Every structure is written in structure tokens, then in C-alpha cells.
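Good morning, colleagues. I would ask you to look with me at the aromatic rings of this structure and at what surrounds them.

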Amino acid sequence: MSKSFAMHAVFVFLLLVSAAQAQQLKSNIPYADPPQDRQVLDIYAPDGAKDLPVVFWIHGGGWQAGDKSDVQIKPRVFAERGFVFVATNYRLLPNVEMDVLIRDVARALGWMHKHIAEHGGDSKRIFVMGHSAGAQLAALICTDDRYLKAEGVPFDVLKGCVPVDGDTYDLPAIIMTAELRQTLHGLPLPIPGHRGKFGNDPKKHLDFSAVTHVAKGKGIPPFLILHVAGHPDTTAQAKRLGAVLQQAEVPVKVFGARETTHNKLNADLGLPDDAATLELFKFLGPLTPKSL
């Protein structure tokens, strides 16, 4: 075992064993009344938390799987940085349609906005983050203001959005790319693929794409778009969203992490020697003057 690997393992172990002493976890809090299956969230708050900025985390899993508990070391790391960390569940395909799923996420954020002060958070300093499918959901609700408006949440309380390795910020582009790739190689089309998950209506493909809703003057928060540098689809989608945001004069940085994978990029967020983590806290620093 190398010395660096051993130090890395010790760091992760210490984070895990000390988590209970540094923060309070309130789990399975319902955000709907009455709550349906999976309409619950978890809140991790540092001991003595008061008026702290909030991270709202959306798990991945292809819109068909995943759980709010899939947060690795993030709650502990953010607690040490002076954040309240919230992780939400939402109903999944095929049990609900995509628009219902998205509204679940918005409803969870709306409940959090109304109640997070009771748990030590600042309802006017919210950062929306998510991995994979959660990245698409994060980017969409931070650009298409209809979802949060329906929950009484103004864009001006969103201080940043961090989508992590999503490939669906521009649905028509990824559907065309995937299907053309299969066709050129004489292979069957992806099943269910994005077309199956998002429906076969081109208008819905546009409507569920974050790039469709980016516009100047909407109050869209700053973005840090993290992606795996070696993955062509997530790289292209990250750059596409970044370019659209830049054209709308929304502050944005696109960062491609090297020597990593889709799952590892997510799992490593919070590690002190991780390049994407360094970018993340550079991004958060100027936007959280009270805590960092």
C-alpha cells in the first residue's frame, strides 16, 4: 500500500467516524402533505448551526434508481465548511412521468426554503447540486424558473448551481448523438434510452433541456459545471450548457476532471487532493462570505 493511498484511506475513515459528533442528521422528513412514496429528504446540520448557507443535493440514477443516502462524504465535508446539507429523494420513472419527477424536486426545494431556518440554514443562500440525472434536474430547475415559482422560491435565493457529469442539458443533441452512433455502427437503438425516458415528443425534449431556458436577465445563478474530461458525451453537453450560459452573461465555469470516471468524480467530491473539489470550493468561496 502506497503512503498516499494510506493517508487517503485514513482521511476518509476519520471523516466517517467523526461525522456523528460534528453534525445532526434528521432523516426522512416529508416535503409533501400528504407525502407519497419517496417524497422525503434528509438534513445534515453542523452542531449549533444558525444562518448557514445550504447545499441542496439531487442524487443520480438515471431517473429510475438512486437514493438520497448516496452522498458519500459530502455532508461531513460541507459541515466543516459551514454549510447545512440537504439530500432529497423524488419519485422515479416509470412510476411517474418526467414532469412529475421534476416537480417533486422543486417541491422538495420549496419545502426546504420555507423550513430550513428551523434547522440552522439560511433560506436566502441556497446552492443546488446534483450528479448524473441529478445534474440534469439541478440545471433545469436553476434555469426554468416555472418549477420554483410554483413553489414560491425566487431565483435570487439561489447562489449557485453545480451539475456534476450530466449528459442531458440539451436533450435533442444527446438523443441525436446516441441514435446516430448506434445507426452508423449497425446497432439497435438504445433501450429505453433518453427518448424512452423523456417521451417521444420533440417539444418535451426541448422543454426538459436546461439550454432551452437560459436567457439574459432571468436571475439565473452562477454555474460550475463539472464533468469527466475523457467522456465525449458529458464533455460536449457541459461545454454546450456553458456556452449558452456565457452568451446570456451568466457567470459560468466548465471544469473537466481528468483520470476519473462518472461515479468516481461524484464519490471523490470532498477529498482534499481532488481537483474537482478544489474547483468546487473556489466557486463557493466568493459566494458565501459569511462562512468561508
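Ring pairs join Tyr44, Phe78, Phe83, Phe85, Phe127 and Phe281 into a cluster. The model is a predicted one, in which local features need pLDDT of at least 70, side-chain atom pairs count only at pLDDT 80 or more, and totals for chains, interfaces and linings use all residues. Residues are numbered from 1 along each chain as its sequence is written, and side-chain values use heavy atoms, with hydrogens and water left out.

Across the whole structure, the search finds seven aromatic pairs. Rings of Phe, Tyr and Trp (its six-membered ring) pair if their centres lie within 6.5 Å; planes under 30 degrees apart are stacked, over 60 edge-to-face, and the rest tilted. Phe78 and Phe281 have ring centres 5.6 Å apart and planes at 55°, so this pair is tilted.

Which parts of the chain does the pair link? Phe78 lies in helix 2 (residues 74-80) and Phe281 in helix 12 (residues 275-284), 203 residues apart. Helices here are DSSP runs of H or I with at least four residues, and strands are runs of E with at least two, numbered from the N terminus.

Phe78 is buried at 4% relative accessible area, and Phe281 is buried at 10%. Buried means under 20%, exposed over 50%, and partly exposed in between, with a 1.4 Å probe and protein chains only.

Helix 12 is largely enclosed by the rest of the structure, because seven of its 10 residues are buried. Among them are Ala276, Leu280 and Phe283.
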